[in-house]
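I opened the notebook to look up side-chain pairings. The entries follow in the order I made them.

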Amino acid sequence: MSGPIRIGVDVGGTFTDFVLVDDAKGRVLNGKRLTTPDDPGRAILEGLDRILAEAGAGYADVRGVVHGTTLVTNTVIERKGARVGLITTRGFRDSLEMGKEMRYDLYDLFLEKAEPIVPRPRRLAVPERSSAQGAELVPLDEAALRDAARQLKAAGVEAVAVCFLHSYVAPAHERRAGEILAEELPGIPVTLSSDVAPEIREYERANTACVNAYVQPLMDRYLGELEAALVRRGLGGPLHVMLSGGGIATVRMARQQPVHLIESGPAAGATAAMHHGRIAGVEDMISFDMGGTTAKMCLIEGGEAEHASTFEAARVKRFRKGSGLPLKVPVIDLIEIGAGGGSVAQASEMGLLTVGPESAGSVPGPVCYARGGKRPTVTDADLLLGYLSPDYFLGGEMALDRAAVERAVEDHLARPLGLTVLEAAAGIHSIVNENMAAATRMYVAEKGRDPRRYAMLAFGGAGPVHAYGLAKLLKLSRVIVPAGAGVASALGFLVAAPGLDLVRSGVQRLAAVDWTRIAADFAAMEAEARTALEEAGAAPGDVTFRRTADMRYLGQGFEISVPLDGLDATSVEAAFAEAYQRLFDRRIEGVPIELLSWRLHAASSRPAVPSAAPARGEGSALKGRRDVWFAATGLAPCAVYDRYRLRPGQRIQGPAVVEERESTVVVGPDASFQLDTHGNLLIDIDPAAYAAAESDAAAD
């Protein structure tokens, strides 16, 4: 019989977070440990040992562990993956180098492009060719392929990617190449592009295959060792992983196609936000997840986040679209910027204060951690401004060194910039908030939305600290901070349903589509998804499907996603016209429509979890007062509350600081807050503050 306990583990750049759900006792426990970058599994096992001890349980009581990690994306960014070779169609050896004709900065004469994962000497081409319709034009030259395999072996490759032209519609040559490479290169993993990304656009498909091969040896070893260590400890259930699209998959699948884990951590945060939104009864919101290294914003409408079929990894200009490696990977559509508690502040050569995107991470970490960090960070500034308590960080487990922070800010920022230490700290806080606000405005505007009509749901270790300031810049009226906000992403693993995204491609005019073939493809994908999800823990028969298609007008360079209800030309054309109208407020009459890809999203029921709100403690919620900085008041005495002792429904006027074990909530003087019956902290900002600001601006 399976045990009553489920655990979510989120490995971030600074902290590794844990959430334990005990279904038998109806309780939720949280934990947090500094990430161990040299061996992420060490922090995971130490954290699991501890949280199980706190629960009075053992590994045999655990029904399952769901894990998400930044290891894939960090490996690609840091270029610490395997030595990879690529085999492709003759004439296409340099497609990875050439990329696309578009420049991400038209006016930069020294534009730096992302280096291909596979350098030219290890990119080999062989004679073969298929048409875009799937017909064989040139047979696969098996002798040339074997010769290429021997060259790659001599080059010492640790993994191989195969990407042949049009293999998304004609995979036979890649399949045969995989068989030959297994014979010639025993023990070396081979990635076929038709397996990891069976869809149109060769450059993206090749990148996806190469990145998968690049990280596969590392992830295969890491997940294998972690799974083995858990088995040795007597884990009673399986280890699962979070996919970038928000679904849950088996370790077996993750070890074969680790590229699909590249955004697993951010996906868990968005999943947790949707869960908390349903509890709070809020369907339209901006999810704001700020951790130690990055901040992630996701627009949620109607209770659901949007999904995208592409993701750009390892950008040269970290937050410039087009400067990275485009991958064909289903992801939750969100924006990520280098703004976290560990973001480093410095004085530029022009005498300006800058913050991020570089992060101190967990090693050496912010100065206040006293782990070797020398340069001031956002967390250090938050400590000086009074938002963080030096004695109650992580519930008092980790003391913060305020004196060291004051010296570092003085030496690195205040003296060079001619500021006081307090002014420098306030500048850091303001700049990081402005950076996040600018990114959020652009992200929401690109979707044709007005941020003012949304609530904000804030979580992550640093999110509740900065949510009030960010909400003010975006002119939002309500901020929701769920219980256990500091480890919400780890909870996201436990409220996500087993899910899978599959795709087939083949460009064709809508008027000439073979709908019998499309229906057969969907039937095959549904059977494949059902088998995979049941292996991942879905109950037999408890799988639902959502069909979409990528479509465009003839002559357009990009497509849009269209929901499919029926599989006939009339209903699909009507669905496309409606989707196009919604996005662009127009329809184009008399232009043929093209179908490029058809997609299936499969998912089972979401697991239920008990309320994450802890039982209310005894005594007064008011812990005391300390000096806290706000733009309107400067540094002034401010009430500090214990979140665990707040009474639901009691409204308290700011300014205030509300402390819990994994995070701290900051409430400004023009806002008030209360705890609802689900344990959510609801912060309401006085709309008069915005009206007054607009009146002053008009007068000027």
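**Charges over rings**

I looked first for charges over rings, taking NZ of Lys or CZ of Arg within 6 Å of the ring centre and within 35 degrees of the ring normal. Arginine 453 has its charged end over the ring of tyrosine 454, 4.7 Å from the ring centre. I also noted lysine 623, whose charged end sits over the ring of tyrosine 392 at 3.7 Å from the centre.

**Ground rules**

This is a predicted model, where local features need pLDDT of at least 70, side-chain atom pairs count only at pLDDT 80 or more, and totals for chains, interfaces and linings use all residues. Residues are numbered from 1 along each chain as its sequence is written, and side-chain values use heavy atoms, with hydrogens and water left out.

**Aromatic pairs**

I counted ring pairs next. The rule covers rings of Phe, Tyr and Trp (its six-membered ring) with centres within 6.5 Å; planes under 30 degrees apart are stacked, over 60 edge-to-face, and the rest tilted. The count is 9 aromatic pairs. Tyrosine 369 and phenylalanine 393 have ring centres 5.7 Å apart and planes at 45°, so I logged the pair as tilted. This pair links distant parts of the chain, 24 residues apart. Tyrosine 369 is in the loop between strand E22 (353-359) and helix H10 (378-384). Phenylalanine 393 is in the loop between H10 and helix H11 (402-417). Helices (H or I, at least four residues) and strands (E, at least two) are DSSP runs, numbered from the N terminus.

I checked burial for both. Buried means under 20% relative accessible area, exposed over 50%, and partly exposed in between (1.4 Å probe, protein chains only). Tyrosine 369 is buried at 7%. Phenylalanine 393 is buried at 15%.

Then I took tyrosine 387 and phenylalanine 630. Their ring centres are 6.1 Å apart and their planes stand at 55°, so this pair is tilted. Tyrosine 387 is in the loop between H10 and H11, while phenylalanine 630 is in strand E29 (residues 622-630), 243 residues apart. Tyrosine 387 and phenylalanine 630 are both buried. I also found a cluster: ring pairs link Tyr553, Phe576, Tyr580 and Phe584.

**Salt bridges**

Side chains of opposite charge can pair when their charged atoms come close.

I followed arginine 176 through two of its partners. Glutamate 142 forms a salt bridge with arginine 176, with the closest N and O atoms 3.0 Å apart. Glutamate 142 is in helix H4 (residues 142-154) and arginine 176 in helix H5 (residues 172-184), 34 residues apart, so I logged a link between distant parts of the chain. Arginine 176 also bridges to glutamate 179, with closest N and O atoms 2.9 Å apart. Arginine 176 and glutamate 179 both lie in helix H5, 3 residues apart, about one turn of the helix. Aspartate 684 is in strand E35 (residues 681-685) and arginine 478 is in strand E24 (residues 478-481), so the pair ties together parts that are 206 residues apart in sequence. Aspartate 684 is buried at 19% relative accessible area. Arginine 478 is partly exposed at 27%.

**Cysteines**

A disulfide is a covalent bond between the sulfur atoms of two cysteines. My cut-off was a pair of cysteine sulfur atoms within 2.5 Å. I found 0 disulfides in the structure. Cysteine 163 is buried at 1% relative accessible area. Cysteine 210 is buried too, at 0%.

**Asparagine 433**

Asparagine 433 is buried, at 4% relative accessible area. I listed its contacts, meaning heavy atoms within 4.5 Å. Leaving out residues up to four places away in sequence, asparagine 433 touches His466, Gly469, Leu470 and Leu473.

How values were computed:
A salt bridge is a side-chain nitrogen of Lys or Arg within 4 Å of a carboxyl oxygen of Asp or Glu.
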